[in-house]
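Me: Could you walk me through this model feature by feature, giving the general idea before each case?

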Amino acid sequence: MATPEQKTVVSSWNEWDRLRHVIVGRADGSCIPPAEPALDAKVPEDSDMRGLHGPRPADTVARANELLDRFCDQLHARGIVVDRPTPIDFNQPVATPDWETGTMFGCMPPRDVLLTVGKEILEATMSYRCRWFEYLCYRPLLQRYYLEDPGMRHEAAPKPRLTDADYRPDYLSGDIGIARRLEWTAARHFVTTEVEPLFDAADVLRFGRDLVVQHGFTTNMKGIDWLQRHFPDHRVHAVNFPGDPYPIHIDATFTPIRPGLILNNPQRRLPEEQRRMFERNDWEIVDAAQPAHNEPPPLCYSSVWLSMNVLVLDPKTVCVEKSEVYQAEQLDRLGMEVVEVELRDAYAFGGGLHCCTADVRRDGEREDYFPVQ
């Protein structure tokens, strides 16, 4: 936690300038939520999670928290201020006038909920009913930041109704098959409709004046349009990755490391027409190394490509999951100092090193990294 002498300053314009202050999630009380339209589309058809819901096993929660706490210690040792959310009781039914669900999710991945752009921290709409109230875990921190930093802006995107109209019924059969999923995602036929703005914060990458946003299962075009209207001084670019049958969040697919360098999942390459902005401005997009694992951990939503879900501490230093040796070797060859962080046993609670963190402050100002559009 920040001490009274360390008053919070909110400011972060990109994914790579030196990290000074960060939020790291907790696994306490995390649940596997009951079936709902958005969740059904996301859970892989062969997943061991299908048909399950309720609190996650206590021993796995304890192990995940042990690893998250150790990660916080590593960040502290580098002089980075670390804050933690306040978990609520996730194992309870929640409802609005439009829907109800048996449990919530958790607060391990703050990156999904909170988007820091400059001096603003924005609460995303979220697109899962089980995550509708997740913002409450972060309100104590955001209220404190607002008091301590007179320039900080705390904003919340309009809460969606999340009725059945927000989801395409053809995704709800559960046995679509990978081939058809790939056809649909290549055609930008996602589970989310365009009834109201929807976006998760983890679908947004910050490049100074430019925001790159993935159009997929959790973010629709109306959500991207809302972001452009909300940030009129930014250029907002919609991207998609046709090779991904479950396009959930951009940070295991397209990962900026430092100015001029991006890792791209070789199974989900950015289409040629969307690469032009990067090529015209001399950015190198390289295929990420292969994951070290053939399967995700048990009861995990995410793919093996959490290998590239890294946290950049500064333009020369990057945190990589300890077992992801091929990704670490590649980043070392690319001139980065690699900090090993053991986190794989926490993956199931919401993702990797980028997912389980949310920026509060990085050095640097808003730069234009793409002057040639």
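Predicted model: local features only at pLDDT ≥ 70, side-chain atom pairs only at ≥ 80, totals over all residues.

Me: Let's start with helix α5: which of its residues are buried?
Reply: Two terms come before the answer. Helices (H or I, at least four residues) and strands (E, at least two) are DSSP runs, numbered from the N terminus. Buried means under 20% relative accessible area, exposed over 50%, and partly exposed in between (1.4 Å probe, protein chains only). In α5, which spans residues 221-230, the buried residues are G223, I224, W226 and L227. Viewed down the axis of α5, these buried residues fall within an arc of 155 degrees, so they line one face of the helix. The arc is taken from the directions that run from the helix axis to the C-beta atoms.

Me: What covers the buried residues of α5?
Reply: Contact here means heavy atoms within 4.5 Å. The cover includes β7 (114-117), β8 (120-123), β10 (204-207), β11 (210-214) and β12 (235-239).

Me: In what order do β10, β11 and β12 stand in their sheet?
Reply: Two strands pair if DSSP finds at least two bridges between them. The three strands form an open sheet in the order β10-β11-β12, with mixed pairing. β10 and β12 stand at the edges with a single partner strand each, so one side of each has no neighbour in the sheet. On average, neighbouring strands of this sheet are turned by 20 degrees against each other, direction ignored. Axes are lines fitted to C-alpha atoms, for helices over the stretch in contact, and angles run from 0 to 180 degrees between N-to-C directions. β11 and β12 run parallel and are joined by five bridges; L211 stands opposite V236 in β12. α5 packs on this sheet, touching β10, β11 and β12, and its direction makes about 165 degrees with that of β12.

Me: How should I read the largest nonpolar core, and which residues touch the most other members?
Reply: In soluble globular proteins, nonpolar side chains tend to be buried together. A nonpolar core is a set of buried Ala, Val, Leu, Ile, Met, Phe, Trp, Tyr and Cys residues joined through side-chain atoms within 4.5 Å. The largest one here has 60 residues, of which I23, L114, L115, L122, Y145, F217 and L227 touch the most other members. Among the elements that each supply at least two residues of this core are α1 (37-42), α3 (139-148), α5 and β19 (357-362). Leaving aside residues up to four places away in sequence, the contacts of F217 include Y171, F190, Y246 and I248.

Me: How many aromatic pairs are there?
Reply: A pair of aromatic rings is described by the distance of the centres and the angle of the planes. Rings of Phe, Tyr and Trp (its six-membered ring) pair if their centres lie within 6.5 Å; planes under 30 degrees apart count as stacked, over 60 as edge-to-face and the rest as tilted. The count comes to 18 aromatic pairs. One of them, F254 with F278, is edge-to-face, at 5.4 Å centre to centre and 70 degrees between the planes. F254 lies in strand β13 (residues 254-258) and F278 in helix α6 (residues 272-280), 24 residues apart. F278 also forms an edge-to-face pair with F370, at 5.2 Å and 90 degrees. F370 lies in the segment after β19, so this pair ties together parts that are 92 residues apart in sequence. F278 and F370 are buried. One aromatic cluster is formed by W16, F207, F241, F254, F278, W283, Y369 and F370.

Me: What does β13 pair with?
Reply: Four bridges join β13 to β14 (residues 261-264), and the two run antiparallel. P256 has I262 in β14 as its bridge partner. The two strands form a hairpin with two residues between them, and G260 in the turn has a positive phi of about 95 degrees. Four of the five residues of β13 are buried, so β13 is largely enclosed by the rest of the structure.

Me: Which residue has a positive phi of about 65 degrees although it is not a glycine?
Reply: Most residues other than glycine have a negative phi, and most peptide bonds are trans. The residue you want is D282, in the loop between α6 and β15 (284-287). D282 counts as exposed, at 68% relative accessibility. R188 is another non-glycine with a positive phi, of about 60 degrees. R188 sits in the loop between α4 and β10 and is partly exposed, with a relative accessible area of 43%.

Conventions
Residues numbered from 1 in each chain as written. Heavy atoms only, no water.
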